[in-house]
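Subject: Structure handover

Hello,

Here is the structure I promised to pass on. Please open it next to this email; my notes follow below.

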Amino acid sequence: DAPSPPAAAAASAPDAPTRYPLVGVVVQVDAPAGALLVKHEEIPGFMRAMTMRLLVEPSVLTSVKPGDAITAQIYRGEDGFRLADVKVVAPGS
């Protein structure tokens, strides 16, 4: 019999990375790289506030513009940090 994996490994399948809520502002849309430059707030327990390049789905590149306030889910993909469920929101909401 093979040993069972540790509980933590079993709880997070490789195809389902942990996602964290992100609140930020789009600084730049980098369509050739498929990414946004986002200045985001602190993500408690995960990441300090900073401005960073985040990969997104191609459809997001045409739906946001610099200056847009956004919410999203951030996670680490095989190719770097990525955003999912990107939504433009009213500033301060």
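First, a definition: a residue is buried under 20% relative accessible area, exposed over 50%, and partly exposed in between, with a 1.4 Å probe and protein chains only. Two notes on the source come next. This is a predicted model, where local features need pLDDT of at least 70 and side-chain atom pairs count only at pLDDT 80 or more, while totals for chains, interfaces and linings use all residues. Residues are numbered from 1 along each chain as its sequence is written, and side-chain values use heavy atoms, with hydrogens and water left out.

**Overall layout**

The chain has two helices and five strands. Both kinds of element are DSSP runs numbered from the N terminus: helices are H or I with at least four residues, strands are E with at least two. Starting at the N terminus, the order is α-β-β-β-α-β-β. The chain holds 93 residues, and 30% of them count as buried. It exposes about 6100 Å², of which carbon and sulfur atoms supply 56%. That area comes from the Shrake-Rupley method with a 1.4 Å probe; for residues, only the protein chains shown count as cover. Now contacts, meaning heavy atoms within 4.5 Å. Among those between residues at least 6 apart in sequence, 45% join residues at least 24 apart.

**Strand pairing**

Two strands pair if DSSP finds at least two bridges between them. Strand S4 (residues 69-77) runs antiparallel to S1 (residues 20-30), and six bridges join them. Within this pairing, Leu-22 has Ala-72 in S4 as its bridge partner. S4 also pairs with S5 (residues 80-89), again in the antiparallel sense, over eight bridges. Here Ile-74 stands opposite Leu-83 in S5. S4 and S5 form a hairpin, with two residues between them.

**Salt bridges**

Side chains of opposite charge can pair when their charged atoms come close. The cut-off for a salt bridge is a side-chain nitrogen of Lys or Arg within 4 Å of a carboxyl oxygen of Asp or Glu. How many salt bridges does a search of the whole structure find? It finds four.

One of them joins Asp-85 and Arg-19, with the closest N and O atoms 3.7 Å apart. Asp-85 lies in strand S5 and Arg-19 in the loop between helix H1 (7-11) and S1, so this pair ties together parts that are 66 residues apart in sequence. Asp-85 is partly exposed at 47% relative accessible area. Arg-19 is partly exposed too, at 41%.

Another joins Arg-82 and Glu-57, whose closest N and O atoms are 3.6 Å apart. This pair links distant parts of the chain: Arg-82 is in S5, and Glu-57 is in the loop between strand S3 (50-55) and H2, 25 residues apart. Is Arg-82 buried or exposed? Arg-82 is buried, at 14% relative accessibility. Glu-57 is partly exposed, at 45%. Glu-57, Asp-79 and Arg-82 are linked in a network of salt bridges.

Asp-68 and Lys-65 also form a salt bridge, with closest N and O atoms 3.1 Å apart. Asp-68 is buried, at 11% relative accessible area.

**Helix H2**

Ser-59 is found in helix H2 (residues 58-61). It counts as exposed, at 52% relative accessibility. Ser-59 and Gly-34 are 25 residues apart in sequence. In space, C-alpha to C-alpha, Ser-59 and Gly-34 are 9.6 Å apart.

Best wishes
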